[in-house]
Amino acid sequence: MDSTADLAQDGQESPLRWCPSGDASRPESVVLGVRSGDRDQVVYLAEPVPAADVLGAIPEGISPNRVLRFASHCVSDCANRVGEACGLIERIKTVPAETGPVAVPRCHLRPHCKWWNQAGVDACHRCPALTTLQPRDNELAVLVADPATTREQLENWIAAAP
């Protein structure tokens, strides 16, 4: 991530924020991390890698979002946008966090992250477990990913779950 991308023309810091569940096809997109391990968690890269540099290396038939996590600019026409806020992180926060102490992962995106700036450490605790490509057999994940889902619907689903 080029730090100059976050400076306005007059050299002052702009309010530009990055989405940690970004669109790999956007020109500024970077690889935030790699999905890994038994629980398919994101392992964050020490330094960002331009998405364009790695997309061609992913074998045909494998969705890039299945193996990598991308960050791109938070844009006003995003389906998850609710005014100036991100509705996705608000839905994600509805899902109970894992129990026990969880370290906040190192992340180069944090100073510019929309989720961090909106929800703080709560977003960072949940971020590694998220995937942009949701398996259709995980009803809760599908509900959370759907911009039409309300917090009330999520809370009701969670309350009714065994």
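Reader: To start, how many cavities of 30 Å³ or more does the structure hold?
Author: Keeping in mind that this is a predicted model, the structure holds one cavity of 30 Å³ or more. About 80 Å³ of space lies in the largest cavity.

Reader: And which residues line the largest cavity?
Author: The lining is made up of Pro20, Tyr44, Pro105, Cys107, Leu109, Arg110, Cys113, Trp115, Ala123, Cys124 and Cys127. By class, that lining divides into ten nonpolar residues, no polar ones and one charged residue.

Reader: While we are on rings, how many aromatic pairs does the structure hold?
Author: The count of aromatic pairs in the structure is zero.

Reader: Changing topic to the sheet, what is the order of the strands?
Author: The order is β1-β4-β2-β3 in an open sheet of four strands, and the pairing is antiparallel. Since β1 (18-19) and β3 (41-50) each have a single partner strand, they stand at the edges, so one side of each is left without a neighbour in the sheet.

Reader: How many bridges hold β1 to β4, then, and which residue of β4 does Trp18 stand opposite?
Author: Strands β1 and β4 pair in the antiparallel sense over two bridges, and Trp18 stands opposite His73 in β4.

Reader: What about β2, how many bridges join that strand to β3 and to β4?
Author: Strand β2 (residues 30-36) is joined to β3 by six bridges, with Val30 having Pro50 in β3 as its bridge partner. On to β4, four bridges join β2 to that strand, again running antiparallel, and Val34 of this pairing has Leu68 in β4 as its bridge partner.

Reader: Is β4 mostly covered or mostly open to the outside?
Author: Strand β4, which spans residues 68-73, is mostly covered, with six of its six residues buried.

Reader: And past that strand, where does Ser76 lie, and is Ser76 buried or exposed?
Author: Ser76 lies in the loop between β4 and β5 (81-82). Ser76 counts as exposed because its relative accessible area is 64%, and the cut-off for exposed is over 50%.

Reader: One last thing, what distance separates the C-alpha atoms of Ser76 and Cys86?
Author: Those C-alpha atoms are separated by 9.9 Å, while Ser76 and Cys86 are ten residues apart along the chain.

Key: Residues are numbered from 1 along each chain as its sequence is written. This is a predicted model: local features need pLDDT of at least 70, side-chain atom pairs count only at pLDDT 80 or more; totals for chains, interfaces and linings use all residues. Side-chain values use heavy atoms; hydrogens and water are left out. Two strands pair if DSSP finds at least two bridges between them. Buried means under 20% relative accessible area, exposed over 50%, partly exposed in between (1.4 Å probe, protein chains only). On a 1 Å grid over the protein atoms alone, a cavity is a set of points where a 1.4 Å probe fits but cannot get out, and a pocket is an open set with protein on both sides within 12 Å along at least five of seven lines; lining residues have an atom within 4 Å of a point. Grid points are joined across faces, edges and corners, and a volume is the space filled by probe spheres set on the points. Ala, Val, Leu, Ile, Met, Phe, Trp, Tyr, Cys and Pro count as nonpolar, Asp, Glu, Lys and Arg as charged, and the others, Gly among them, as polar. Rings of Phe, Tyr and Trp (its six-membered ring) pair if their centres lie within 6.5 Å; planes under 30 degrees apart count as stacked, over 60 as edge-to-face and the rest as tilted.
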